[in-house]
Amino acid sequence: MTRREKRFERRKLKRLNKQRAFAKQVDDFKLICDRTRIFDAIDSAKKRVMWKASTQRWSMHQLFMTERLYRDLKAGKDVRRGFSKFYIYERGKRRNISAVKFYERVVQKALCQNVLYPAFVRSLIYDNGASQQGKGTKFAADRMVTALRRYYKRNGNNGYALLIDFKSYFDNINHDVVKAICCKHFKDPRVRKLCFDFIDAYGDMGLGLGSETSQLFAIRYPNRIDHAVTETNSGHKIFYGRYMDDSYIIAKDKITLAKILNKIKYWCNRLKIKLSPKKTKIVAIKNGVLWLKTKYYLTATGKIIRKPCRACITRERRKLKKQLRLCILGRLPYASIEQSFESWAGSHKRRNARLTVWKMRQILKGYNHGKKI
């Protein structure tokens with residue numbers, strides 16, 4: 001063994017020991033079943049939902065409910081309370097929501113804050129931007145811009161991007177695989193049982209939208225794919241990023257992307273994830289890369305232009321006109337329409353969409369001047 005190889009093995013062993021030491025710190029049911037931590041979890045769970053009657057009742061009797069939850073957890077009782085099921089339309093897509101009761105939400109908050117989040121986040125790559133503190137859609141968009149700038153310095157604007165999307169991601173998450181991930185991170189049987197209970201609450205397959213544990217399981221689930229892509233021999237030649245089930249890989253040629261796609265398909269079969277054949281594709285960078293409802297153009301001079309998705313603009317225009325018709329009938333106040341529009345316009349300040357926002361604003365001005373909607 002060469003000197004360099006010995007040094008690599010020493011560093012590898014040091015990292016492994018450090019990981020094991022940290023795993024022991026968070027792999028403890030007492031971090032969840034603790035009165036102080038349960039009280040703090042209730043405070044966190046109340047944020048932005050204090051208008052609900054159930055949340056207000058919990059706030060009135062917070063000390064009593066803290067003791068009740070502590071005793072239920074210590075006795076090993078089932079803390080699941082079922083779901084409030086409903087659906088919402090997000091960007092024209094219907095999403096089924098399974099919202100947990102506040103009692104169960106507090107337990108999930110204590111589990112996620114003290115055990116799941118610190119255990120899972122350490123193994124995630126930096127460019128995984130979903131459901132993490134200090135990250136989000138803005139972080140993911142900025143990392144895409146950074147990737148395009150770095151790519152341009154190396155190769156110009158001639159290149160390709162592989163866009164990856166998982167088909168019905170939350171509905172197709174395999175429970176056995178998620179449980180195996182939990183077993184890898186946690187040895188405490190009570191922590192495992194609590195995780196398994198929240199997973200099994202959704203039946204035999206899939207996880208539901210509306211609970212914090214599902215979000216954390218979902219960002220950790222394809223983590224092996226992230227490492228398989230970034231740790232390949234060509235990892236230093238590509239740029240990779242993921243936001244939940246949407247990923248992009250930027251490379252100089254299609255052959256590299258085809259090899260990476262085959263590797264991703266291999267790991268998808270092992271993790272039992274399905275790729276969307278319609279949304280998984282290779283596109284030329286100079287023709288625009290559509291990711292997270294924004295289209296990124298890399299020009300020949302290196303300038304990056306961010307345009308909103310055309311379908312989103314059409315949807316917003318139809319929504320605005322429908323709202324104004326309801327306002328004419330007296331069924332919707334104009335102040336609510338204006339507030340909704342300004343929220344949409346504010347989200348486009350970080351895109352090159354001044355003309356789009358201006359044209360949309362003319363529809364509002366046309367209503368104020370009595371023009372036909």
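This is a predicted model: local features need pLDDT of at least 70, side-chain atom pairs count only at pLDDT 80 or more; totals for chains, interfaces and linings use all residues.
Strands of a sheet pair, in general, through backbone hydrogen bonds, and may do so in a parallel or an antiparallel manner. Between β4 and β5 (residues 246-251), which run antiparallel, there are five bridges; within this pairing, Tyr240 has Ile249 of β5 as its bridge partner.

Another strand, β8, covers residues 294-298 and contains Lys295. With a relative accessibility of 28%, Lys295 counts as partly exposed. Once its neighbours within four places in sequence are set aside, Lys295 is in contact with Asn287, Gly288, Val289 and Leu290, and also with Ile305, Arg306 and Lys307. Of the residues in that list, Ile305 is ten residues away from Lys295 in sequence, and the C-alpha to C-alpha separation of the two is 8.0 Å.

The structure holds zero disulfides, although a disulfide is, in general, a covalent bond between the sulfur atoms of two cysteines. For Cys182, the closest cysteine sulfur is that of Cys195, at 4.4 Å, which is too far for a bond, given that a disulfide requires the two sulfur atoms to be within 2.5 Å. Seen from Cys195, the closest cysteine sulfur is in turn that of Cys182, again at 4.4 Å and too far for a bond. The table sets out both cysteines.

| Residue | Relative accessibility | Class | Closest cysteine sulfur |
|---|---|---|---|
| Cys182 | 0% | buried | Cys195, 4.4 Å |
| Cys195 | 0% | buried | Cys182, 4.4 Å |

As to confidence, the chain averages a pLDDT of 91, and 97% of the residues score at least 70. Among the elements of the chain, the lowest mean pLDDT, 83, belongs to strand β1 (residues 83-90), whereas the highest, 96, belongs to strand β3 (residues 160-165).

Technical notes:
Residues are numbered from 1 along each chain as its sequence is written. Side-chain values use heavy atoms; hydrogens and water are left out. Two strands pair if DSSP finds at least two bridges between them. Helices (H or I, at least four residues) and strands (E, at least two) are DSSP runs, numbered from the N terminus. Buried means under 20% relative accessible area, exposed over 50%, partly exposed in between (1.4 Å probe, protein chains only). Contact means heavy atoms within 4.5 Å. pLDDT is the predictor's confidence in each residue, from 0 to 100.
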